[in-house]
Amino acid sequence: DLLTVYSDASSPKGLRDTVVQALRKRTTGAEFLVQALHMKYDFLEQTQAPPMGVVAPALVNMGERSAVSGLLDHLMNHETAIEDLREIALAVRELGDQSAVGSLTQFVTLYHADSSFLGHEDAIATAAEGILKFGGPSGERFVAQVRDDTQTLPELKSQLVAILDPEAAAKAAAAAKAAEEA
C-alpha cells in the first residue's frame with residue numbers, strides 16, 4: 001500500500017518522493033484514499049493521520065467529491081500538519097460545494113489572526129477562495145470583513161485584497177514595480 005510506504009519513517013526520501021508522484025497520477029483507488037481520511041493521530045492508540053499533503057491532491061486528481069467531509073475534518077483538526085493545510089483547503093475548494101462554507105468560515109475565523117500561520121497564510125486564503133466560490137454574497141461579505149479586520153495577518157490581508165479585487169491588486173503591483181524601478 002503506497003500510503004503505508006509513504007508513512008513509514010524508515011522509507012528513504014527517494015522512495016517517498018516516488019510514492020507522492022505515483023499517488024498524484026492515480027486515477028483509480030479513490031475509495032482507499034477516502035477510507036484513509038478516517039485515520040487520525042492518536043497518541044494512545046499509536047495511530048498516525050494519512051499524509052494529507054499527498055492524499056488531498058490525489059483526491060482532486062480523481063475528482064472524488066465524497067472525500068469533502070473527511071477533508072474538512074482534517075482541515076479543522078489541530079493535529080493536522082500546518083504544511084498540509086493549503087493542499088487540504090485547495091481540495092475542498094475544488095471538490096466541495098455550498099455545504100463546505102460553514103467549516104471553511106470557521107477555519108478562516110479561527111486562524112486569520114493566528115501568528116502560528118505566519119508563512120502559511122496561503123492555507124487561510126485558499127479557504128477564503130472556497131468561501132467566495134460557494135458562499136454567494138454573504139461569503140463575499142464575510143471575506144471582506146476578514147480583509148478589513150485590523151487583527152488579520154498582514155500577508156493574508158494582502159492575499160484577500162488580491163482575491164476580492166484582482167484588477168486593483170494588479171494595478172497596485174504595477175505601481176509598486178514602477179516606483180521600485182524609478
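These legends describe close-up views of a predicted model. Residues are numbered from 1 along each chain as its sequence is written, and side-chain values use heavy atoms, with hydrogens and water left out. In this predicted model, local features need pLDDT of at least 70 and side-chain atom pairs count only at pLDDT 80 or more, while totals for chains, interfaces and linings use all residues.

Helix α4 spans residues 52-62. Helices here are DSSP runs (H or I, at least four residues), numbered from the N terminus. Nine of the 11 residues of α4 are buried, so α4 is largely enclosed by the rest of the structure. Buried means under 20% relative accessible area, exposed over 50%, and partly exposed in between (1.4 Å probe, protein chains only). Among the buried residues of α4 are Met52, Val55, Pro57, Leu59 and Met62. Glycine 63 follows α4 and has a positive phi, near 65°. Glutamate 64 sits in the loop between α4 and α5 (68-76). Glutamate 64 is partly exposed, at a relative accessible area of 22%. Its C-alpha atom is separated by 21 Å from that of asparagine 77, 13 residues apart along the chain.

**View B. The packing of α8 and α9.**
Helix α8 covers residues 121-148 and helix α9 covers residues 154-164. They pack at about 50°, with axes 9 Å apart. That makes α8 oblique to α9. Axes are lines fitted to C-alpha atoms, for helices over the stretch in contact, and angles run from 0 to 180 degrees between N-to-C directions. Angles under 35 degrees count as roughly parallel, over 145 as roughly antiparallel, 65 to 115 as roughly perpendicular, and the rest as oblique. The contact of α8 with α9 has 12 nonpolar, one polar and eight charged residues. Asp, Glu, Lys and Arg count as charged; Ala, Val, Leu, Ile, Met, Phe, Trp, Tyr, Cys and Pro as nonpolar; the others, Gly among them, as polar.

**View C. The largest cavity.**
A cavity is a set of points on a 1 Å grid over the protein atoms alone where a 1.4 Å probe fits but cannot get out; a pocket is an open set with protein on both sides within 12 Å along at least five of seven lines; lining residues have an atom within 4 Å of a point. The largest cavity holds about 30 Å³ of space. Tyr41, Ala49, His74, Asn77, Glu79 and Thr80 line the largest cavity.

**View D. The second largest pocket.**
About 160 Å³ of space lies in this pocket. Its lining has 10 residues, with Asp1, Leu3, Thr4, Ala36 and Met39 nearest its centre.

How values were computed. Grid points are joined across faces, edges and corners, and a volume is the space filled by probe spheres set on the points. Helices (H or I, at least four residues) and strands (E, at least two) are DSSP runs, numbered from the N terminus.
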